[in-house]
Amino acid sequence: NPRLALVWKSTHRLTTKLMYGRAFRAPSYLELFAETSWSQPNENLDPERSETLELALSFDASKDLLLNLNLYYFKQTDIIRATNTGLSKLEFQNVGDHSIHGAELEVRWQATKDLGISGNYSLRNQDDTPYREIQEPERDAYLRIDWGFLPEWNWNLQSNWIGERPRASGDTRPPVDDYYITDTTIRYAHSERWELTASVRNLFDVDARECTGE
């Protein structure tokens, strides 16, 4: 799984990174040799392979503000899936390729000594094939606020937005709706040896649904 990176300190505020990586997933024992009630193996499977190309820019706008931009391209080949071949059972086969390209923007701002704000926004575009295993949203975002309102106390509020997810080609189910999940935590750190933390997950009791490939 080789990975290569070129890092260039373009200016005293701007750092540029160009990264390339390759990886593989070997077929599992089930996929190669084990017959089940619904699938049969295939000893001739090739490994799944992937390639990633990234361009990352990090800009120190000031001592309190950091901006990061990441552009990427990801491709999988020889994806392994249980496929209907006309037999009584599904058979594991190398079925095709899948690619995603996108951009991620991150901001970190120390607004005051006691108040920090950070967030990111992602855009992604993936090819419309039935081979992808996870239905990625085209857009998502994250926002977090940290406030040290007393010397030993800290409160944070963070929210994740997951955008609507269209189904893969051939899947007739409706898109998965977007949703927000908000968490909050209050922390009391009396010393370096112990602290007390209380959190509420999904603060607004949102009915958040995740899709499956079934």
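Reply: Buried means under 20% relative accessible area, exposed over 50%, and partly exposed in between, with a 1.4 Å probe and protein chains only. This is a predicted model, in which local features need pLDDT of at least 70, side-chain atom pairs count only at pLDDT 80 or more, and totals for chains, interfaces and linings use all residues. Residues are numbered from 1 along each chain as its sequence is written, and side-chain values use heavy atoms, with hydrogens and water left out.

Me: Is R49 buried, exposed or partly exposed?
Reply: The relative accessible area of R49 is 40%. This value lies between the limits of 20% and 50%, so R49 is partly exposed.

Me: In which strand does R49 lie?
Reply: Helices (H or I, at least four residues) and strands (E, at least two) are DSSP runs, numbered from the N terminus. The run of residues 48–62 contains R49, and this run is strand β4.

Me: Which residues is R49 in contact with, leaving aside its neighbours within four places in sequence?
Reply: Contact means heavy atoms within 4.5 Å. The C-alpha atoms of R49 and F24 are separated by 4.2 Å, although the two residues are 25 residues apart along the chain. With neighbours within four places set aside, the contacts of R49 are A23, F24, K75, Q76 and T77.

Me: With which residue does E48 form a salt bridge?
Reply: A salt bridge is a side-chain nitrogen of Lys or Arg within 4 Å of a carboxyl oxygen of Asp or Glu. For E48, the closest N and O atoms of the pair are 3.1 Å apart, and the partner is R25.

Me: How many residues apart in sequence are the parts that E48 and R25 tie together?
Reply: E48 lies in strand β4, whereas R25 lies in strand β2 (residues 14–25). E48 counts as buried at 8% relative accessibility, while R25 is partly exposed at 33%. Because the two residues lie in these two strands, the pair ties together parts whose separation in sequence is 23 residues.

Me: Which strands hold R124 and D140?
Reply: R124 and D140 form a salt bridge, with the closest N and O atoms 2.8 Å apart. The two residues are 16 residues apart in sequence, so the pair ties together separate parts: strand β7 (residues 115–126) for R124 and, for D140, strand β8 (residues 139–150).

Me: Are R124 and D140 buried or exposed?
Reply: The term that applies is the one for under 20% relative accessible area. Both R124 and D140 are buried.
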